[in-house]
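User: I have a protein open here and would like to talk through its fold and a few residues. Can we start with the overall picture?

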Amino acid sequence: MTGRQKDLHWVLSLFLVLRMVETVSGARGPFTGTHMSSPFSASDVKQTPTVDVYIQVCHEDRVRWCPAQRVAKQLLRTYCVLGTVQDFGGECREVCGLNVSDRCDFIRTNPDCRSEGGYLNYLEGIFCRLPPNLLPLAVTLYAVWLLYLFLILGVTAAKFFCPNLSAICTLLKLSHNVAGVTFLAFGNGAPDIFSALVAFSDPRTAGLALGALFGAGVLVTTVVAGGIAILRPFTAASRPFLRDIVFYMVAVFLTFTALYLGRVTLAWALGYLGLYVFYVLTVVVCTWLYRWQRRRSLVYSMPGTPEMLSDSEVEPVSSNSYDYSEEYRPLLLYQETTAQILARALNPLDYRKWRNKSVYWRALKVLKLPVEFLLLLTVPVVDPDKDDGNWKRPLNCLHLVISPLVLALTLQSGAYGIYEIGGLFPVWAVVVVVGTALAAVTFFATSNSEPPRFHWLFAFLGFLTSALWINAAATEVVNILRSLGVVFRLSNTVLGLTLLAWGNSIGDAFSDFTLARQGYPRMAFAACFGGIILNILVGVGLGCLLQISRNHAEVKLEPDGLLVWVLAGALGLSLVCSLVSVPLQCFQLSKVYGFCLLLFYVSFLVVALLTEFGVIHLKSV
């Protein structure tokens with residue numbers, strides 16, 4: 001029995017003793033003057049409290065309480081809200097069982113219904129702002145907003161977060177291997193990681209993070225990997241495949257053990273991050289050994305040839321892009337004005353591409369236009385591949401004012417931005433004044449044609465701003481999913497393994513399928529495992545580490561019943577099957593293998609949903 005369980009046992013025992021004494025003495029409530037009948041017998045005090053007793057106490061609202069009993073009841077409710085007993089992890093879900101007139105007060109007064117972050121109170125919008133007969137409309141609007149949030153996550157990560165990360169890698173002169181398994185992998189998995197960080201910040205939504213990470217793992221290793229094999233059968237790279245799948249199995253085993261123990265300590269969280277660092281080092285060393293062996297084999301296979309030329313001795317190859325640019329460069333050059341540069345930089349639409357695209361692409365582009373315009377206005381992007389590094393003098397000067405303002409208003413959902421310094425000046429006003437001064441100095445000290453030496457700093461500013469945009473969108477996603485779980489009485493785990501996992505993985509799935517169609521199935525298959533290793537190790541490790549840093553000794557993990565074990569078991573089983581079957585096929589992945597993976601995912605999804613709705617359950621002893 002843990003410490004909190006002992007405390008709960010003591011509180012419940014105190015409550016039962018008080019009720020028994022009043023039952024035996026026939027006491028009347030000293031403040032109510034009414035006789036109080038006890039729903040428990042005296043023998044209940046001698047018994048170990050059970051979940052049924054907990055539920056009866058925590059949900060009993062019709063009994064009048066004396067002061068001492070009110071204290072015991074409040075303590076017990078506090079433990080219920082904090083999730084000490086599993087059945088109370090979803091106490092807010094009981095709102096749909098109340099009378100319509102009582103739902104709004106229940107949402108506003110119940111601590112379990114409050115959101116720790118975010119800008120919108122979705123539960124209050126459903127149960128307080130709209131009449132009950134418009135509940136289907138509210139759910140529909142929330143579902144549409146959820147899809148649009150996933151679109152925001154994808155656009156921000158693909159067009160702003162990842163390019164700035166790539167620029168940072170170039171500035172730091174990192175090798176492709178190190179950049180691929182660190183910065184670029186983090187960029188690709190940003191929606192999953194930030195969703196996990198947000199979910200782990202609240203004990204009530206930790207199950208959402210675990211469901212999303214495990215659900216995305218099952219989805220990627222079965223549907224995405226199987227789809228690649230169906231689209232383009234190929235021979236997988238043996239050593240990278242075995243390396244990645246073994247590391248991922250270790251990460252899943254660590255998470256399974258943490259769920260079994262019910263907590264994540266500081267050492268455990270650091271172990272997750274340490275394992276990821278070890279994985280990066282393993283990738284770098286294995287790649288270096290492979291290149292070294294290949295270089296030696298080439299030298300020994302051609303004894304009569306001289307040594308291979310180094311990279312510096314190889315003559316550079318001319319780029320066709322330069323010739324193309326010269327061909328279509330206008331004959332009469334003219335200097336763009338500052339206003340024209342700003343207008344062109346803020347235009348997210350390429351009219352030449354628009355004319356050649358399909359109707360579906362245009363419809364999706366119309367939905368993206370507001371998001372892209374807002375991101376162009378607030379997030380600077382540095383592109384080392386361009387001659388000017390994507391330097392847009394008027395827009396970048398505007399970024400010096402707007403980007404810090406976005407940082408202040410999105411960090412902790414704007415809590416720091418509205419804080420008043422000395423009770424006089426809010427932080428956001430100070431940020432605007434300082435940013436305006438920096439923008440004015442930069443504007444008059446630079447030119448439109450040549451980027452300044454400090455232009456590389458905009459890559460870090462763009463990285464931070466886009467990261468906080470992703471974090472803000474991920475916070476809203478988690479809050480919407482939790483609200484939908486309350487309305488439909490679904491556990492956080494099932495929402496994580498379905499909606500959150502599908503939404504965060506759909507972009508990667510289409511990217512990998514596109515790579516496979518273009519003739520790069522091995523690259524797409526390798527990306528399946530490399531990304532989810534980062535997501536689970538950094539998502540769980542960093543998420544729990546941030547929670548522990550907020551004066552928490554450890555992070556409590558309360559599994560949502562049998563479902564989370566079904567999820568963890570399915571992920572482990574899929575990895576074991578791939579680890580055994582792929583080498584038996586001599587790493588030749590055929591369409592049959594792909595269809596088997598798809599069948600496995602469908603079977604898993606059916607079992608998970610049957611478990612969620614109680615069709616599959618453990619027999620009570």
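Analyst: A word on terms before the overview: helices here are DSSP runs of H or I with at least four residues, strands are runs of E with at least two, and both are numbered from the N terminus. Please also keep in mind that this is a predicted model.

User: Let's turn to helix packing. At what angle do α11 and α22 pack?

Analyst: Helix α11, residues 238–261, packs with helix α22, residues 563–584, at an angle of about 160 degrees, and their axes are 10 Å apart. Angles over 145 degrees count as roughly antiparallel, so α11 is roughly antiparallel to α22. The crossing of these two helices, α11 and α22, is left-handed.

User: Which residues in α11 and α22 meet?

Analyst: On the α11 side they include F241, L242, I245, Y248 and M249, and on the α22 side they include V564, W565, A568, L571 and L575. Taken together, the residues of the contact between α11 and α22 divide into 18 nonpolar, one polar and no charged.

User: Is H455 buried or exposed?

Analyst: H455 has a relative accessible area of 6%, and because anything under 20% counts as buried, H455 is buried.

User: What about R393, which helix is it found in?

Analyst: R393 belongs to helix α17, which spans residues 393–410, and R393 is buried, with a relative accessible area of 11%.

User: Then which residues does R393 touch?

Analyst: Not counting residues up to four places away in sequence, R393 touches T338, F443, F444, T446, S447 and N448. R393 and A439 are 46 residues apart in sequence, and their C-alpha to C-alpha separation in space is 9.9 Å.

Terms used
Residues numbered from 1 in each chain as written. Predicted model: local features only at pLDDT ≥ 70, side-chain atom pairs only at ≥ 80, totals over all residues. Heavy atoms only, no water. Axes fitted to C-alpha atoms, helices over the stretch in contact; angles between N-to-C directions. Parallel < 35°, antiparallel > 145°, perpendicular 65-115°, else oblique. Left-handed = near helix turned anticlockwise from the far one by under 90°. Contact = heavy atoms within 4.5 Å. Nonpolar A, V, L, I, M, F, W, Y, C, P; charged D, E, K, R; others polar. Buried < 20%, exposed > 50% of the residue type's maximum accessible area, 1.4 Å probe, protein only.
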